[in-house]
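Colleague: Could you walk me through how the two chains of this model meet?
Modeller: Gladly, here it is.
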Amino acid sequence: MANALVFIDNPGAALKKSSLELLTIARSLGETAVALTGELTDDVAAALGAYGVATVYQPSSDDLDNYLVGPKAAYLAAAVQSAGATAVLLDNSPEGKEIAGRLGIKLNAGVITDVVGVEADGTAHKSVLAGSYNTTAKATTPVTVLSVKANNVEPAPSGAAGTPAVARIDLPADALVNSARIASRSEKPVSGRPDLSEARIVVAGGRGVDGDFGPVEELADALGAAVGASRAATDAGWIGHDAQVGQTGVTVSPQLYISAGISGAIQQKAGMQTSKVIVAINKDAESPVFEIADYGIVGDLFKVLPQATAEIKKRKG
Amino acid sequence: MEETLKIVVLVKHVPDAQFDRHITGPDNTTDRDESILSELDEYALEAALQLAEERGGPKAGNEVIALSMGPAGAVNAVKKSLQIGAYSGVHLSDDALAGSDAAATSLALAAAIRHLSADGRPVDLVLTGMASTDGETSLIPAQLAERLQFPQVTFASSLEVAGNQVTARRDAGVFSETVEAQLPAVVSVTDQINEPRYPNFKGILAAKKKKIAALSLADIGVDASQVGLAGSWTVVESAEARPPRTAGTIITDDGDAGIKLVDFLAAQKLL
Ligand SMILES: Cc1cc2nc3c(=O)[nH]c(=O)nc-3n(C[C@H](O)[C@H](O)[C@H](O)COP(=O)(O)OP(=O)(O)OC[C@H]3O[C@@H](n4cnc5c(N)ncnc54)[C@H](O)[C@@H]3O)c2cc1C
Ligand SMILES: Nc1ncnc2c1ncn2[C@@H]1O[C@H](COP(=O)(O)O)[C@@H](O)[C@H]1O
């Protein structure tokens, strides 16, 4: 059986759902080990055991977080060698993809990003050209490196829980050389809403909200949704850049995407057109967003959104 | 004044997203007719021009070299970059490069950058876009940094170079950070970093006099077996066009569209 290695970057107090998804995929590929950075709490160790993880690797230095990407890739390469892994799975976050890319060069391994499904033989499914093609791809090298998008498998524990052994990986002596150092970092305030890239429902506003995200946020909260935006809205400073959906923002594929006051430019579509159901509210019937909407309302968002919010609250009691 | 810089800007020729884009042929490669300079690379070019202009521009000895790897048509990405303001251009092209994946592309680009350093003046800075608008993998900047053993500074939303030090801001979802690195470095920039300039009439005329060097694999010391389909470490086994999204129901608000919307969501079991 193959050995699969999952990279988990700073799990904190509990494993994220996307990490559990990676562990579930890894188990379908072979015996699973984890390369961790940051602290390994008892809870996390127990969760890893429940997902059938036999070994957890930790780096000999906790300096990795002070540098961009390169040192983490060096650590992971050493862990892959210790584990004898032939498949490596990472998050599809920007950093996850970059670690995957550098790991591929270090190990002469094929790298496939933006993966939405993995077969037992390592064949990966992904969609390309902004969702216009579905492709299957495979690494032709002994080791395969995959960065996998969230929300594509149901996390499932292994049934036979064990306690993983913990092993240390000595960082290569030159691991920190030629790296960019993080000089300072400030956390942004958290909204309490679901994470945009993983949310089941997204309500997004554009230039049409004209500075007032209130109606968008209220509908989002009634639906338990994340709030997104077009670049016109983030550029105007009406909402943080981290809410931007599209080619240069976040790519989302939720069950439901509600677009309000957004025209549907190609760069916006690139980030949302793989959503399962798209609803558009726009006062201009000629807006291109209506070409991809499952349900379109030609109307004023300041009337339609509050009415929908009130109706949802009424029905939910 | 700051010391002059030798900057290579990576510019990719990509299929225009305004048209339908296709994957064709037995090797499932992207159709490159109707291609343009990847719009995200214009931000890298602008950043390079600003750094060079702060240091006195071409007259003072700064270099801004636009480098594109791709088939014959890719020279148009270089030409456009020269019109916008790049000082000189390089087109890396070879039949053997066709079908290169990220690993093979980064190998060839790294070799080209080393070649450009071999004239006695090493490259100080490699600037790239945050992603190509066709591949969208953002792998090339990270893989180039790995191959060249240059510090990697990716997704920069601001960039300063002082002496030998690069300082950049990066904004991710939940945090904002400042990173520092030493030259030579690979830096990818986001669309938040600047407002790219447009080519003007003067720029278009001036571009005709600028040099474009054509490089082949032999020129950069890369063997055909290391690149293209032969040198790639991944294969695309199948590609299937997704049926385009079609418009669904469109209604005009008569005063109760909010209620109808909730009916629709309830029917779709989305509440
Ligand atoms: C390199 C590059 C990258 C880009 N990346 C992105 C990206 O990642 N994401 C992105 O979104 N864009 C991106 N863009 C910008 C994109 O091209 C569009 O300019 C942008 O998406 C437009 O935003 P908008 O639809 O909100 O604004 P507009 O196009 O101005 O549309 C506003 C819409 O609101 C409607 N409206 C106005 N008032 C109301 C009302 N009261 N009720 C209902 N409807 C109303 C109007 O009819 C109109 O259709 C990028 C552009 C470039 C060049
Ligand atoms: N064939 C190429 N020629 C020149 N630059 C490229 C090429 N491919 C990628 N790049 C550069 O790398 C960046 C990221 O591309 P990618 O990794 O493909 O998303 C682009 O914005 C370009 O600056």
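Modeller: What follows is about where chain B touches chain A. This is a predicted model, in which local features need pLDDT of at least 70 and side-chain atom pairs count only at pLDDT 80 or more, while totals for chains, interfaces and linings use all residues. Residues are numbered from 1 along each chain as its sequence is written, chains are lettered from A in the order in which they are written, and side-chain values use heavy atoms, with hydrogens and water left out.
Colleague: OK, how many residues are in contact?
Modeller: On chain B 79 residues are in contact with 85 residues of chain A, where contact means heavy atoms within 4.5 Å.
Colleague: And how much area do they bury between them?
Modeller: About 7,000 Å², with 54% of it on carbon and sulfur atoms; buried area is the accessible area (1.4 Å probe) that two parts lose on being put together, summed over both.
Colleague: Which residues of chain B lose the most?
Modeller: Those are B:W233, B:R242 and B:R245, which together make up 12% of what the chain B side buries.
Colleague: Switching topic, how many salt bridges are there between the chains?
Modeller: There are seven, a salt bridge being a side-chain nitrogen of Lys or Arg within 4 Å of a carboxyl oxygen of Asp or Glu. One of them joins B:D263 to A:R315, with the closest N and O atoms 2.5 Å apart.
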